[in-house]
Amino acid sequence: MNEHDFSQISPAFFLQTFILELMHACEQEGGDYCESLIERIAKSAGLYFEQTYRAEYRRSGELDQDAYIDLILALKNHIGGNFSLASVEAGTITVVNTRCPFGDGVSNFPELCRMTSSVFGGIAARNFGYAKVEIRQSIARQNGGCEVCIHTRRDGAVGKPGLEYRRENQPEDKLEMAALHSRIEERMRNVWWSLPKRHPTKPAPAIVAKSAAMQSVLQQVEVVAPTKATVLINGETGVGKELIARAIHAMSDRGHKPFVAINCGAIPESLIESALFGHEKGAFTGAIEVHQGFFERAEGGTLFLDEVDALSPAAQTRLLRVIQEGEMERVGGKHTLHVDVRIVSASNRSLTQYVEQGLFRQDLFYRLNVVRLWIPPLAQRPEDLPHLVQLILKRLNQAYAKNVQTVSRDVMGQIRAYHWPGNVRELENTLERSVLFCKGSELTRLELDRQPVAVGHDWRTHKQSLVDDAESAFLRQALQNHRGNVKPVADAMGLTPRAVYAKLKKYGIVPSRFK
């Protein structure tokens, strides 16, 4: 329907518009308003729909599997969906959909998929005792269709993503996750404010984790942090790898000791050993006094090595010894120093490929990769976007004495539609640039950084760059849709799996991260 064609407004269109505008209004409030509203609506509506179905078909007692399938399909199709049964296996019901009841505008609010999850899950839990709803694909995320799996057996749902529901209808998992999130942020704040700061006005670190992907990361942090294991954090540039490293430090028993972060790629190769391990007076030209390196400064605490792939071969050898033996010498030194430092490293590249190419020591890789965490890119965490926007606006208001409280619906639509190759860092920079020129309390214009093509730019190079970007983006989305399975991706591209693996290697994409 043309949105300006008033004569074509129907009851269904009215309700779609009302709900989407309601979601936008809640989005402006920040916090958990949007999420809690969806769950409250879904909880009440699901119970009402089930009671209506029972009354019409005179059903009493627990619904069996066939009746449950009949109920959820009829329910969605009566309100404008196009749902059908895809398969029924032991303990798993899979349904698919080609038309969203909320209309095309649902792409601005993928959180509304939680309403389907809560309705399906709540009805299943009341009748089967347990349910986990896994939304594998959705129109809201522009997958072209929806695929929803309802797992009704707890043992069969272990390890599968999704939201859990129980007959007692207590949102235990949500409460547990909220408590975990609060614990991590409280510990991070305590660590932040307990240490001397050069910039006292700099805000304490905060984690936004409304998406299932980021919540999974927090759960892993809780398990890993209390141990002595070295941790390797992988993720694209700007996803917040240092933030997760700080969370690991804060949740460990080293939280009261120093957290020292170093970007290995920002230090010249000739100086990296001195920076890490220190040097003695006279060790080289210009070494006029003893210098303590980052390892000594982090004694008892945590050393975060960002862009660890940039370490020189000599630095890699020294680092391996520190991890294995807990001892080192300063550059030019003769005395062995014992150090007690936990190593958390990070890279936006595949260290496995670096090892294969002989650019990174294999034995060091194994030492660093005891536990690996992967931080998903912002494009795979759309549920986090409105909360990140609110957090960033709050910080920008404090930094620039502004009063920008909300963003317009058009701006939020732009934010959701953009793929954010620079992730959270790019979002922060974009909002900062836009807020600086905002005169009111609502941000109505977004200054996206779209780089123009220079006239003298080599067309073939630019064309190949565009093709590579598109191919890389397609591969990531296809792997996400197929849960890391390369064969259907190869079929979709008309290539052999071997050819697809070659392309994945070219772009540094690891299929297992999408499972």
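Predicted model: local features only at pLDDT ≥ 70, side-chain atom pairs only at ≥ 80, totals over all residues.
The protein has 19 helices and 14 strands. There are 515 residues, and 46% of them are buried. If you take the contacts with a separation of 6 or more, 67% are between residues 24 or more positions apart.

Now let's zoom in on a helix pair. H14 covers residues 385–400 and H16 covers residues 423–436, and their axes sit 10 Å apart. How are H14 and H16 oriented to each other? The angle is about 50 degrees, so the two count as oblique. The crossing of H14 past H16 is right-handed. On the H14 side, the contact uses Leu-385, Leu-388, Val-389, Ile-392, Leu-393, Leu-396 and Tyr-400. Facing them from H16 you'll find Val-424, Leu-427, Glu-428, Leu-431, Glu-432, Val-435 and Leu-436. Sort the residues of that contact by class and you get 12 nonpolar, 2 charged and no polar.

Trp-420 isn't a glycine, yet its phi is positive, about 50 degrees. You'll find Trp-420 in the loop between helix H15, residues 409–417, and H16. Is Trp-420 buried or exposed? It's buried, with a relative accessible area of 2%. The other one is Asn-423, again a residue other than glycine with a positive phi, here near 60 degrees. Asn-423 belongs to helix H16 itself. With a relative accessibility of 1%, Asn-423 counts as buried too.

Last stop, another helix pair. Helix H7 runs over residues 212–224 and helix H8 over residues 241–250; their axes come within 10 Å and cross at roughly 35 degrees. This crossing of H7 and H8 is right-handed. Which residues of H7 and H8 meet? From H7 it's Met-214, Val-217 and Val-221, and from H8 it's Ile-244, Ala-247 and Ile-248. By class, that contact has 6 nonpolar residues, with no polar and no charged ones. Go back to H14 with H16 and you'll recall the 2 charged residues in that contact.

Terms used
Residues numbered from 1 in each chain as written. Heavy atoms only, no water. Helix = DSSP H or I, 4+ residues; strand = E, 2+ residues; numbered from the N terminus. Buried < 20%, exposed > 50% of the residue type's maximum accessible area, 1.4 Å probe, protein only. Contact = heavy atoms within 4.5 Å. Axes fitted to C-alpha atoms, helices over the stretch in contact; angles between N-to-C directions. Parallel < 35°, antiparallel > 145°, perpendicular 65-115°, else oblique. Left-handed = near helix turned anticlockwise from the far one by under 90°. Nonpolar A, V, L, I, M, F, W, Y, C, P; charged D, E, K, R; others polar.
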